[in-house]
Amino acid sequence: MRNKVYIETYGCQMNVADTELVMGILKKNGYEITKDADNANVVLLNTCSVRENAEQRIYGRLGNFKNMKNSKPELVVGILGCMAERLRQDLVEDKKIVDVVVGPDEYRHLPELIDAAFNGGKGIGVRLSRTETYDDIIPYREDGLQAWISVMRGCDKFCTFCVVPFTRGRERSRFLGSVVDEVRQLSMRGFREVTMLGQNVNSYKDNENDFADLLAAAAQVDRRMRIRFTTSHPQDLSDKLLYTIAEHPNVCNYIHLPVQSGSDRILRLMNRTYNIEQYLGLIEKAKKIIPGVSFSTDIISGFPTETYEDHVMTLDVMREVRYDGAYMFKYSPREGTKAYKMEDDVSEEIKTKRLQEIIELQQQISFEKNRELIEMEEIVLVEGKSRKSDEFLTGRTDTNKVVIIPSHENIKEGSYVKVKINRATSATLFGEFVDFVYPDENKIALTA
Ligand code: SAH
Ligand code: SF4
Ligand code: F3S
């Protein structure tokens, strides 16, 4: 039988969601998914190109599969996702490791492309599409509490450092009705949280409906279900969206709003289309409209020409906003982007030093913010046993903080419980059970 597929996923949550799509497509075509690579006849890597080290890891992994293929020549090795778009030539023609290369808009053809490889050819599909949204395809998901839903694909922002517009193509959105149906099906299966995904969800558009309409519609499906979303580009975060978040108790009060840099000069070079005054204005407005809202961000250190003063401005913005969390990166030049043509003139040593300062500051802020929650009550969605011990349960707050509480036979996965926080680190809150929050009360409790 040639029907066992093993898939490994790298990169962002969109790739995680795409892997579920791919599994949906393959299962429908008679393939079985295996979690054991040794047991597979098809091995697929869903790849990421966003930074050099992401690609390096994947090349390393391909080396392992090359060895596997040496002892099992009929094994089909495939590359999916963002590297497929960028490195088709390199992967198939020069390195001769892979038999199948399929970019993010050609997953429908994966079964034929794998067949081509089994028949001794190469299966290649790397065209980008202006319309493909896979709206009609049901992703394969194991049962659980949390699900990702891609609501749009591609990106039109063209930040100068970023490969995504090249690897994923132009922006396009799914139909509102189809997303809402998917939320409904997940609710019926017992899911308790969905995250709406897009590189820039705020530019979602389905005829008259914008992203605020989509969130409102999804929130009404099942009030016990938490609705999250990522990522918001500061340029498109509308007042209507802020009011929608405030209005729906089950839309989480949490916005991932990448700032990238604290220097207006660097932001201009990055083509981010906002300055720090506008960005901070947006944060202020969001805090007024959504009481208790929290923010996370992405930061790049060492973009071309970044001076020490620019770096200090980034630290200042972090102190001003006091993010709950941050994803922090060293600038990595990507071929084909505008910034690639600028000289990568901040040395590796300085990038590392600045990044370290950024990380340390964020840890300190996260720790302080978490400590402020001691003695407070939070509503926690219980996700299951803690990784470290069966004696404890783990869950998350509305603002996405991990909370650990002692186990109790009556507290089940998927329950909402009120927890009093009594200890905090920079990454985790620890607390004790106070009360159950039943679905109807939950509505009230979340609104209060
Ligand atoms: N669409 C999202 C994020 C896409 S990539 C957004 O606009 O926020 C996730 C993060 O990776 C980016 O926010 C950025 O901080 C980082 N990133 C992207 N390209 C990079 C590069 N060339 N070097 C370093 N970090 C990069
Ligand atoms: Fe990349 Fe900018 Fe698009 Fe985000 S908004 S995916 S950083 S180009
Ligand atoms: Fe990576 Fe592609 Fe996501 S480049 S970050 S997997 S969109």
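The questions below ask how terms apply to this predicted model.

In this predicted model, local features need pLDDT of at least 70 and side-chain atom pairs count only at pLDDT 80 or more, while totals for chains, interfaces and linings use all residues. Residues are numbered from 1 along each chain as its sequence is written, chains are lettered from A and ligands numbered from 1 in the order in which they are written, and side-chain values use heavy atoms, with hydrogens and water left out.

Q: Why is C48 called buried?
A: Buried means under 20% relative accessible area, exposed over 50%, and partly exposed in between (1.4 Å probe, protein chains only). C48 has 10% relative accessibility, so C48 counts as buried. C82 also counts as buried, at 10%.

Q: What makes D136 exposed?
A: The relative accessible area of D136 is 55%, so D136 is on the exposed side of the cut-off. D136 sits in the loop between β6 (123–125) and β7 (146–150); helices (H or I, at least four residues) and strands (E, at least two) are DSSP runs, numbered from the N terminus. Between the C-alpha atoms of D136 and M152, which are 16 residues apart along the chain, the separation is 14 Å.

Q: Which residues surround ligand 3?
A: A residue is near a molecule if one of its heavy atoms lies within 4 Å of it. Around ligand 3 these are C12, N15, T47, C48, S49, V50, C82, V164, R168 and Q199.

Q: How do the residues of the shells around ligand 3 and ligand 2 divide?
A: Ala, Val, Leu, Ile, Met, Phe, Trp, Tyr, Cys and Pro count as nonpolar, Asp, Glu, Lys and Arg as charged, and the others, Gly among them, as polar. The shell of ligand 3 has five nonpolar, four polar and one charged. That of ligand 2 has seven nonpolar, two polar and two charged; its residues include C155, C159, C162, H233 and R272.

Q: How many disulfides does the structure hold?
A: A disulfide is a pair of cysteine sulfur atoms within 2.5 Å. The structure holds zero.

Q: Why is α1 called largely enclosed by the rest of the structure?
A: Twelve of the 16 residues of α1 are buried, so α1 is largely enclosed. Among them are M14, N15, D18, E20 and L26.

Q: Why is α7 called largely enclosed?
A: Seven of the nine residues of α7 (residues 211–219) are buried, so the rest of the structure largely encloses α7. The cover over its buried residues includes α6 (176–188), β10 (193–197) and α8 (239–247).

Q: Why does E193 count as buried?
A: E193 has 3% relative accessibility, so E193 counts as buried. This residue is in strand β10. Leaving out residues up to four places away in sequence, E193 touches L145, Q146, A147, M225, R226, R228, L381 and R396, where contact means heavy atoms within 4.5 Å.

Q: Why does I97 count as buried?
A: The relative accessibility of I97 is 8%, so I97 counts as buried. I97 lies in the loop between α3 (82–94) and β5 (100–102). Neighbours within four places in sequence aside, I97 is in contact with L62, K66, K69, V77 and L91.
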